[in-house]
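Biologist: I have just opened my first protein model and would like to learn how to read it. Could we go through it together?

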Amino acid sequence: MQINTLNQSPCTTEVVFVLEDSVSTIDVIKKAQDKEVFTAKAASSYFALGEGKNKNYLAIGLGKKDKLNAHSIRKALNTLYSQLKALSIDTFAVDTSTLGDNCTRLFVEALINSSYVFDQLKSEKETFKLKQVDIITQSVSEVTRDIKISQAIANAQNYAKDLKNLPANICSTDYLLNEAKKLVATNDHCSLHYIGEEEMLKLGMGCISAVGRGSPMPSYIACMEYRGGKKEDQPIVLVGKGLVYDTGGLCLKPWQSMSSMKMDMGGAASVFGTIQAITRLKLPINVIGVVALVENSLDGNSYRPGDVLTSMKGITVEIGNTDAEGRLVLCDTLTYIERYKPKVVIDIATLTGAMVVALGGDLTGLFSNNDTLAGDLKLASKESHDPAWHMPLHAPYHELLKSDVADMNNIGGPAAGSITAALFLSKFTENYTWAHLDVAGSAMTGFEKATATGRPVPMLTQYLINQVK
């Protein structure tokens with residue numbers, strides 16, 4: 001899709017956004033409003049031929065002005081794309097100013113997301129594609145910059161969706177390692193370092209090694225290094241949980257909960273997407289994207305409830321539940337990345353079902369041992385319209401993780417499940433500034449017949465853009 005910024009456009013189709021409590025200045029749309037053929041209610045639409053039939057207008061309702069927000073704009077863009085497809089219109093002009101101040105980025109990102117189709121595994125492919133969008137503006141240079149950023153973010157978000165939507169028999173640990181190799185090969189500032197199971201054992205990574213033990217797939221920790229900043233600048237490290245599939249291990253999940261478990265690598269997918277975005281934007285910053293690639297399956301070698309594992313940090317962990325595997329994978333990875341002397345570490349993981357209970361499917365849970373970092377991520381969340389909620393690392397709940405036979409248990413009981421999971425990780429992040437994003441709800445839509453959202457790529461990319469500023 002080509003997106004242009006122009007003072008005026010020769011396109012024969014113009015998209016017009018209309019607020020419910022306003023009257024369009026375009027005569028044919030105004031007449032439709034007067035006759036109540038078009039009400040401009042949220043996500044409504046109206047198509048009309050202009051005078052002389054040399055201009056088409058596609059009006060999209062935004063609802064009432066005081067109700068206009070990122071969510072309603074995205075719904076309007078979904079309606080727009082479905083109408084364009086139904087009418088076979090692949091080229092159009094639009095003035096985005098009706099959406100509000102500084103909404104060009106939201107428009108572009110929402111349009112690209114609306115056009116996303118996952119048909120890689122289907123014989124019949126989607127044939128409709130948008131070819132050209134002309135954004136009419138008097139601030140061409142400013143809007144052109146916004147378009148560049150929003151295209152990079154939205155395309156990276158869709159890249160993350162592709163990875164998450166692939167089934168585990170295709171998107172294996174080897175597949176994702178190869179994806180990391182391809183991603184760094186596209187940029188001169190990138191390099192890749194990875195370790196396999198043999199080196200994990202040599203390094204004393206007893207936790208991540210145990211999780212992958214019941215699967216024939218090899219386990220890896222892959223580090224994609226992007227060095228766009230000064231050589232001496234400390235890197236920001238993004239750590240993604242990459243469970244390509246999670247059966248729950250010996251604590252086997254019910255079958256209803258397994259259909260979406262190919263997306264348990266959502267944290268890793270968001271790291272892949274963010275690295276793609278910053279390389280395309282050529283940000284002058286040092287970022288290391290680390291993905292821990294494992295499958296939690298089961299056979300005679302699987303780790304068991306009651307086992308005691310020794311982490312790379314030397315902390316011993318009693319296994320209360322083999323389905324609380326993400327924190328075991330992350331704890332060794334979060335210790336391993338200390339070698340990079342990070343400025344900041346952010347881990348991203350579909351970690352706990354309790355997060356969905358607490359915040360639903362739209363909000364990402366944000367935990368941090370540093371209020372400044374938490375504030376920076378909240379700002380990036382707001383600016384990117386990728387919502388997150390700051391959750392507490394409530395120290396007294398460490399008591400819930402006590403074990404009679406080891407330093408810690410890997411579960412904390414039925415209460416405060418997301419908090420105790422974050423507290424577990426906090427024991428391995430005491431040597432640096434750290435944040436944890438629990439995306440169990442926001443990375444996908446539901447658990448049965450789930451589809452990927454590609455989040456939190458927008459938040460992470462905006463955070464990195466802000467660090468450059």
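Predicted model: local features only at pLDDT ≥ 70, side-chain atom pairs only at ≥ 80, totals over all residues.

Biologist: How many helices and strands does the protein have?

Modeller: There are 13 helices and 17 strands. The radius of gyration is 24 Å, close to the 23 Å that the globule rule gives for 469 residues, so the protein is as compact as a globular protein of that length. Along the principal axes, the C-alpha atoms fill a box of roughly 80 × 50 × 45 Å.

Biologist: What percentage of the residues count as buried?

Modeller: Buried means under 20% relative accessible area. By that cut-off, 56% of the 469 residues are buried.

Biologist: Which residues touch the most other members of the largest nonpolar core?

Modeller: That core has 56 residues, and the ones touching the most other members are Leu238, Phe272, Ile346, Tyr463 and Leu464. Helix H8, residues 266–281, gives the most to this core, with 8 residues. A second, separate core has 48 residues, including Val211, Val239, Tyr336 and Leu425.

Biologist: Which residues is Ile346 in contact with, leaving aside its neighbours within four places in sequence?

Modeller: Find Ile346 in the view and look around it. Its contacts beyond those neighbours are Val237, Leu238, Val239, Leu377, Ala435, Leu437, Leu460 and Tyr463.

Definitions and conventions. Residues numbered from 1 in each chain as written. Heavy atoms only, no water. Helix = DSSP H or I, 4+ residues; strand = E, 2+ residues; numbered from the N terminus. Rg over C-alpha atoms; globule rule 2.2 N^0.38 Å. Buried < 20%, exposed > 50% of the residue type's maximum accessible area, 1.4 Å probe, protein only. Core = buried A, V, L, I, M, F, W, Y, C linked by side-chain atoms within 4.5 Å. Contact = heavy atoms within 4.5 Å.
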